[in-house]
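User: I am new to this structure and would like to understand the words used to describe it. Could you take me through them with care?

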Amino acid sequence: MIAHANQRTVAEPSIRFEGIGLHCGKLISLRLLPAPENSGIVFVRTDLEPNVKVRAKARNVTDTKLATSLKEGAASIGTVEHLMSALCACGVDNVVIEIGGPEVPIMDGSAQPFITLLRDCGLAEQDAAKKFYRILKPIEVSMDNGLRKAALLPAARPCWEMRLDFAETIIRTTPQHLVFEFTSRQAYVANIARARTFGFVRDLELMFSNKRALGGSLENAVVLTDNDVLNEEGLRQPDEFVAHKLLDAIGDCYIDGHLIIGRYVGELPGHELNNRLMCALLDDPSTYEVTQADSGLPDFGALQATPIGAQLQI
């Protein structure tokens, strides 16, 4: 554990890469740029003229169907949760994200490509102290008559707990309960970062008709029948399904760019419930404090860049 932490941004602009948007199906470019302290996480739609900024804020979340989408003014940015999760794990407070389309590229369906991108451009420490949301008392939201829940509880350090309940599908054969103590970026990379998004073949027709998952494939998602995994390589880890749901929750709860010092507990949550939880928290100042924490912080990892093409150590 480290005793204190300053804010971070990327040390230099990242390479510009392209990837498919999971839902729009379009090829989209993305690049990370350094940003001043206390400026937060800001997306810039470079395909619009003039360019339009969309800030990562809980109040700017406007769509949570199968992904978390932000909107500010007339511009929107979809599927931000995997990138937000990686930014959280690396302790990035301030960054400009240039994006050439309406959606963050899905890459391989996990957060690992974004972790690699952040390592390649390196991280720079800034003069201002980090700010955190420290949970002071429990807060919970629920849906579907309490079947689905998400809560934040006071705790000395960040901890994430996720429960699923897929009793009649292939997911039933895998672990559906995961507790992740966020002690370091290393722990995140080893246990969470590589877990991919997943979906069922039986749901594809409805998603296509609603113009969703147009860019989905076996290259960027785990695709399932009720009783089988269609990806030839199988799962990356035995708990990949519940680990990915936890990955999503970390990204959804980092939407304001402040790590939560507390315990998140989710039972069958989704993006909508995670955003409801964050909005409920911000609506009740008695439940949290914005603090410059001096204990219970994860080790966000080294600041120096890893040379592009070098073997990454996790």
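The conversation below sets the terms beside the values.

Analyst: This is a predicted model, in which local features need pLDDT of at least 70 and side-chain atom pairs count only at pLDDT 80 or more, while totals for chains, interfaces and linings use all residues. Residues are numbered from 1 along each chain as its sequence is written, and side-chain values use heavy atoms, with hydrogens and water left out.

User: Why is Ala86 called buried?

Analyst: Buried means under 20% relative accessible area, exposed over 50%, and partly exposed in between, with a 1.4 Å probe and protein chains only. Ala86 has 0% relative accessibility, and therefore counts as buried. Ala86 is found in helix 1, where helices (H or I, at least four residues) and strands (E, at least two) are DSSP runs numbered from the N terminus.

User: What does Ala86 touch?

Analyst: With contact meaning heavy atoms within 4.5 Å, and not counting residues up to four places away in sequence, Ala86 touches Ala111, Phe114, Ile115, Leu118 and Tyr188. The C-alpha atoms of Ala86 and Ala111 are separated by 5.7 Å, although these residues lie 25 residues apart along the chain.

User: Why are helix 1 and helix 2 called oblique to each other?

Analyst: Axes are lines fitted to C-alpha atoms, for helices over the stretch in contact, and angles run from 0 to 180 degrees between N-to-C directions. Angles under 35 degrees count as roughly parallel, over 145 as roughly antiparallel, 65 to 115 as roughly perpendicular and the rest as oblique. The axes of helix 1 (residues 81-89) and helix 2 (residues 112-121) cross at roughly 45° and come within 8 Å, so the two helices are oblique to each other.

User: Which residues bring helix 1 and helix 2 together?

Analyst: His82, Leu83, Ala86, Leu87 and Ala89 in helix 1 meet Phe114, Ile115 and Leu118 in helix 2. The residues of this contact divide into seven nonpolar, one polar and no charged, where Ala, Val, Leu, Ile, Met, Phe, Trp, Tyr, Cys and Pro count as nonpolar, Asp, Glu, Lys and Arg as charged, and the others, Gly among them, as polar.

User: What makes helix 1 and helix 5 roughly perpendicular?

Analyst: The axes of helix 1 and helix 5 come within 7 Å and cross at roughly 75°, so these helices are roughly perpendicular to each other. The residues in contact include Ser85 and Cys88 of helix 1 and His244 and Leu247 of helix 5, and the contact divides into four nonpolar, four polar and three charged residues.

User: Why do strand 12 and strand 15 count as edges of their sheet?

Analyst: Five strands form an open sheet of mixed pairing, in the order 12-13-19-14-15, and two strands pair if DSSP finds at least two bridges between them. Strand 12 (139-143) and strand 15 (177-181) each have a single partner strand, so one side of each is left without a neighbour in the sheet.

User: How do you know that strand 13 and strand 19 pair, and what lies on the sheet?

Analyst: Five bridges join strand 13 (residues 148-153) to strand 19 (residues 263-267), and the two run antiparallel. Helix 6 (residues 271-283) packs on the sheet, touching strand 12, strand 13 and strand 19. Helix 5 (residues 240-253) lies across strand 14 (159-163), strand 15 and strand 19.
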